[in-house]
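User: I would like to learn how to read salt bridges, cores and strands in a model. Can we begin with a charged side chain and its surroundings?

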Amino acid sequence: MPGPGEPAPGTPAASRRRPGARVLLAAACLVLGIGLIGGAAAGSWLTEDASGAAPSPEAVFARGRDAWHDTPVDTLFPRVVDGLGVGPGGADRTWTRIAVAPDSGCTGAYDPKLAAALAPAGCVRLLRATYVDATHSSVITVGAQITKADAAGMMALNARFSTGNLGRRTDLMPLPYAKKDTPAADFGRAQRASWTVRVLTDLPAVVYAVSGFADGRTFTGPQPAEAAVRPGTTTAPAESGLGHDAKDLADRIEADLRKAAGGTARKSEDAS
């Protein structure tokens, strides 16, 4: 007769070892399961941290070159833009989109001198739209040139525009996009009254806007938008709101382009 704790005679050795093996196997499974669950949770936390982190400036810059591909036209150039308190004397402004140019290259899109000034940045794509104000007295073309330049190239071009005051030169004004059968049909070179050109440094882009009267009248004294919006300015572009039209629509499109690339709002980079 077996003693206390001893197996009965004739019990196979394998059967006598099986309870211990089962215990070890169960323990191993438990440890493995806990490890898998813990690893999955850790992976989830890491993923959440990564997805919630702000993209690096380098990532935003790179994204900026292709963001126009994935951004609906109504996002980049909204059908209606409301500018609360941005007009002369803090008046509200509203602009309605009346034309969108087919996206294209930059050949023939600028007067020769402006084309030469922007040439060092290269051109991937040019995006343009034209707006009219609520009174149908002002028309404004706004554009975004997506460039081939790297960050250093955009910094160099921005410095050249800034130090040379290229944004203030009337021979470097952008061209309007004048579509037939719209209030901008007569918006040509001679009708340009105010403008702004911004060479961005956090995105591979140049943003610009140019404004004029919708009735086709010619303008002999155009003024940069950044000068026309200064308090106390009494020039025609200032008092008519054409400087505000150009500046504020450029501000809006610049912000929309930056948002599409995953960047954050920042002070506009005018080149005047």
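Analyst: Start with R79. In this predicted model, R79 is exposed, with a relative accessible area of 52%. The cut-off for exposed is over 50%.

User: What other salt bridge does D74 make, and how far apart are N and O?

Analyst: D74 also meets R97, at 2.8 Å, N to O. This pair links distant parts of the chain: D74 sits in helix α4 (residues 73–76), R97 in strand β2, 23 residues apart. R97 counts as buried because its relative accessibility is 17% and the cut-off is under 20%.

User: Are E226 and R198 buried or exposed?

Analyst: Both are buried. They form a salt bridge, with the closest N and O atoms 3.6 Å apart. E226 lies in helix α7 (residues 225–228) and R198 in strand β5, 28 residues apart. The two also belong to a salt-bridge network with D202, K247, D251, E254 and R258. The structure holds 17 salt bridges.

User: How should I read side chains along a strand?

Analyst: In a regular strand, side chains alternate between the two faces of the sheet. Take β1, residues 80–83. V81 and G83 point to one face and are buried.

User: Which strand pairs with β1, and in what sense?

Analyst: Strand β2, residues 93–100, in the antiparallel sense, over four bridges. D82 stands opposite T94 of β2.

User: Which residues touch the most other members of the largest nonpolar core?

Analyst: Y110, L118, M154 and F161, in a core of 27 residues. Elements giving two or more residues to this core include α5 (112–118), α6 (151–163) and β5 (192–199). Beyond four places in sequence, Y110 contacts A115, L118, L126, Q145, L175 and Y208. Another core lies apart, with 25 residues, among them W68, F77, L127 and A205.

User: Where is pLDDT under 50?

Analyst: One such stretch is residues 1–9, which have four contacts beyond four places in sequence. Residues 11–19 are also below 50, with two contacts beyond near neighbours in sequence. Where pLDDT is low, the predicted coordinates should not be read in detail. The chain's mean pLDDT is 84, and 78% of its residues reach 70 or more.

User: How many helices and strands does the chain have?

Analyst: Nine helices and seven strands. Of its 272 residues, 42% are buried.

Definitions and conventions. Residues are numbered from 1 along each chain as its sequence is written. This is a predicted model: local features need pLDDT of at least 70, side-chain atom pairs count only at pLDDT 80 or more; totals for chains, interfaces and linings use all residues. Side-chain values use heavy atoms; hydrogens and water are left out. pLDDT is the predictor's confidence in each residue, from 0 to 100. Contact means heavy atoms within 4.5 Å. A nonpolar core is a set of buried Ala, Val, Leu, Ile, Met, Phe, Trp, Tyr and Cys residues joined through side-chain atoms within 4.5 Å. Buried means under 20% relative accessible area, exposed over 50%, partly exposed in between (1.4 Å probe, protein chains only). Two strands pair if DSSP finds at least two bridges between them. A salt bridge is a side-chain nitrogen of Lys or Arg within 4 Å of a carboxyl oxygen of Asp or Glu.
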